[in-house]
Amino acid sequence: MSMNKKTKMVSSSINKERVKRIIFEFVMLCVAAYMLIPLLWIFSTSLRDPKDSFKLPPSFFPTSFKISNYKRVFIDVPFLHFLINSFTVSASLTILQLIICSLASFAFARLDFRGKNIIFMFILSGLMIPAQSTIIPVFLLIRYLRLTDTLWALILPGLTNPLGIFLMRQFMLTIPRSYDEAAYIDGASKFDVYLRVILPMSKPSVIVVALITFISSWNDFFRPLIFLNTYEKMTLPLGLTVLQGYMGTGNLSVILAGVTLSLIPTLILYLLTHDYIMKGMILSGLKA
Amino acid sequence: MRRREKIKDTLTCYLFIAPALLFFTLFIGGAILVNLFVLSFTRYNILNPPQFIGFQNFSDFFRDPMSGKIFYNTVKYAVILLTVHLIIGLLLALGVFGEKNKKLRYFYRTAIYFPSIVSTASVAIAWAYMYDKDYGVINYFLQKIGIINEGIPWLTSTKWSIPAVAIFSIWKFVGNNFLYYLVGLQNIPTSCYEAALIDGATPLQIFRYIILPLLTPTIFFVSTILLIGTMQMFDEPYLITHGGPGDSSRTIALYIYEKAFRYYDMGYASTIASVLFILLLILTILQFVMQKKWVIYEYE
C-alpha cells in the first residue's frame, strides 16, 4: 500500500518534471523562432518575383527561386563596389588597429614608464565618448586633410580603439612575468619580447578584438553616411539604403537580395569564429 | 652614461604607445575637447570661417522647442530599452544556461546571438517593411492568430512607434547582452550552488540568493554598455521611423546629424553634442557611484 503510494508520487513528480521541460523547450523554441523568422523572411522574399514581393501570405521558406534578383543587384547598382569597399575598409582598419593597439597594450601591460597610468586612463575615458560628440571636429579634420569621400575617412578615425587596448592589456596582464625576464636575459629587445613572446601568447584576445573591430566596421552606418557621397565609394550598409531609395518599394525582392548578400560574410565569419568569441570573452576577463 | 640609457629606455616605451596616442588625440580625445571648448561657442556653416559667439548657442539651446523633445525622447527610449534589454537578456541567458541538451543549447545560442552581429542598417530596411500596416508580415501574423482585427499602424502612430523600435531593438541587440550574461553565468563556480542544491533549495531561491548576487558585476557592466549605447541611438530612428511620427522618435543623435550635416549649422550641432556628452558623463559617474551600493565583487 505505502509502496504503491510512493511509486505514484515518484511518477507524478517525473510527470511534473516532464511538463516543465516541455514548457521550457516550447518557450525557448518561440524565442529562436522570433530571432530566425525575420531572417528567413528576408531570404525567402529575396527569391520571389519582384511583383509578388508584397503578396500575402508571406513565405518563410523559399517558394520560388528568382535568382535574377541577385543578378539585378549587381547590374543595376554598383553592388560589387559596395562589397569591395566594405571589405577594404574593414580589413585594413582591423589590421592597422591591431598593430597600433597591441603595441600600446603591450606597453601598458608589460613596461614601466612615467605617466603610464595617466595615459592609460586618458585613452580609456574614450569608452564613454559618444560618436556624435566627436563627429563634427572629426569631419572638419578629415575635410581639412582632403579625405572626405575616400575610404581613409572611415579608417583613420577608428585606428585607436580604447576597448581593444583595454581587452588586450587585461589579457597580457595575466601572462607570468618570467616569460619576459627570460627573454631579456637572452638579450632580447622590448620589441622582440612584444613580437615573439607576448603577442603570440595573447592570441585569444587579439582574435576577439579583431572580430569586434571587423564586424562593427562592416556594419557601421553613421560614419559612411557622413563621409561618403559618391555612389562608387559607398560601403554596404549605406549602399543598401541608397539602393532602397533608388528602387522604391516596388522592388522589395531585389532590395532584400542585397540585404541577404550583405549578411553572408558576417554569417561565414560567425561560423568560423564563434568558439573564439565565447572563449576569448571569458579569457579576456569580460566578466567585468 | 646610465642617465642617457635610462632616457633612451623611456623613449622606447613611449614609442610603443605613440601611434595609439596620436590617433586617439586626433580623433577622440582632442576632438571632444575641440567640440566642447571651441566649436560649441561658434557660429559655423562651413562656407565662412567660424565666428566666436560666446554662450549664444547655449541660450539658443534652452529656447529651442526641439531640445526638450529630443532629450525627453532619448531618455524615454534609453530607460525603456535599458530595462527591457537587462531583463530579457538575463532571462535568455538563464534559459540557454539551463538547457541540458548540448545541440539545442548551441542552436539557441546561435539563433539569439546572430542578429547582433549583422548590420543594423541592412536589417532595419527589412524590418521597416515588416512593420507595414497593410502588407507587413507582423500584422499579417497577428491577424492570423487572431490577436488583432485591424492592422496596427506600427510606424505611423506615436503610441505604437515605441513598441516597434523596442521589438526591433530586442531582436537586433539582445544577443550581445545575452552573451555577456552567459559568460557571467559560466564564470560562477558550480561549487557555489551545488551545496544549496543538495540542501533542497528551489531553483528560484538559488537564483535569488546565489546567482543574482554573483552576477551583479555583469549586470553593472551590461547596464553601463546599454546606457552609453541607447543614449546615442541613431540607426533605428534614422532608418525605421525617420524621427517620426511627428518628432516622437527624434533622438539627440539624429538631431545632431540633421543640424550639422543637413543644415550645416555646425556650431549649434556641436553645442548639442557637448550637452549630450556632459549628460552621459554625469550618468556614467552616477552609475559608478551607485554601484558601490549593489555590486558585489568578492567571491565566497
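Reader: What ipTM and pTM does the predictor give the complex?
Author: The ipTM is 0.89 and the pTM is 0.88. Keep in mind that this is a predicted model.

Reader: And chain by chain, what is the mean pLDDT of chain B?
Author: Chain B has a mean of 90, with 99% of its residues at 70 or more. For chain A the average is 87, and 92% of the residues score at least 70.

Reader: Where in chain A is confidence lowest, and where is it highest?
Author: H13(A) is lowest, with a mean of 82. The highest is helix H6 of chain A, residues 152–155, at 96.

Reader: Which elements of chain B have the lowest and highest mean pLDDT?
Author: H8(B) has the lowest, at 82. Helix H11 of chain B, residues 252–261, has the highest, at 94.

Reader: On to the interface. How many residues of chain A are in contact with chain B?
Author: On the chain A side there are 67, and they touch 75 residues of chain B.

Reader: Which helices of chain A supply at least two residues each?
Author: Those helices of chain A are H1 (2–46), H3 (79–110), H4 (116–124), H5 (131–144), H10 (203–219), H11 (222–227), H12 (236–247) and H13 (252–283). The largest share comes from H13(A), with 10 residues.

Reader: How do the residues on that side divide into nonpolar, polar and charged?
Author: The side of chain A that touches chain B has 54 nonpolar, 10 polar and 3 charged residues. H13(A), which gives the largest share of that side, is also where confidence in chain A is lowest.

Reader: What does the domain assignment give for chain A?
Author: Domain 1 covers 2–68 and domain 2 covers 77–247. The C-alpha centres of these two domains of chain A lie 39 Å apart.

Reader: Staying in chain A, at what angle do H8(A) and H9(A) cross?
Author: H8(A), residues 178–185, and H9(A), residues 190–201, cross at roughly 125 degrees, and their axes come within 10 Å. H8(A) and H9(A) are therefore oblique to each other. Their crossing is right-handed.

Reader: Which residues of H8(A) and H9(A) meet?
Author: Tyr179(A), Asp180(A), Ala183(A) and Tyr184(A) in H8(A) meet Asp192(A), Val193(A) and Val197(A) in H9(A). By class, this contact has 5 nonpolar, no polar and 2 charged residues.

Reader: Now chain B. How far apart are the axes of H7(B) and H9(B)?
Author: The axes of H7(B), residues 158–186, and H9(B), residues 203–231, are 9 Å apart, and the helices pack at an angle of about 160 degrees. That angle makes H7(B) roughly antiparallel to H9(B). The crossing of H7(B) and H9(B) is right-handed.

Reader: What does each of those two helices bring to the contact?
Author: H7(B) brings Asn177(B), Tyr180(B), Tyr181(B) and Gly184(B). H9(B) brings Leu215(B), Thr218(B), Phe221(B), Val222(B) and Leu226(B). The contact of H7(B) with H9(B) has 6 nonpolar, 3 polar and no charged residues.

Reader: And H8(B) with H9(B), what is the angle there?
Author: H8(B), residues 191–198, packs against H9(B) at about 175 degrees, with the axes 11 Å apart. That makes H8(B) roughly antiparallel to H9(B).

Reader: Which residues make that contact?
Author: From H8(B) they are Cys192(B), Tyr193(B), Ala196(B) and Leu197(B). From H9(B) they are Ile206(B), Ile210(B), Ile211(B) and Leu214(B). The contact of H8(B) with H9(B) has 8 nonpolar residues, no polar and no charged.

Key. Residues numbered from 1 in each chain as written. Chains lettered and ligands numbered in written order. Predicted model: local features only at pLDDT ≥ 70, side-chain atom pairs only at ≥ 80, totals over all residues. Axes fitted to C-alpha atoms, helices over the stretch in contact; angles between N-to-C directions. Helix = DSSP H or I, 4+ residues; strand = E, 2+ residues; numbered from the N terminus. Parallel < 35°, antiparallel > 145°, perpendicular 65-115°, else oblique. Left-handed = near helix turned anticlockwise from the far one by under 90°. Contact = placed C-beta atoms within 7 Å. Nonpolar A, V, L, I, M, F, W, Y, C, P; charged D, E, K, R; others polar. Domains from an automatic or database assignment. pLDDT = per-residue confidence, 0-100.
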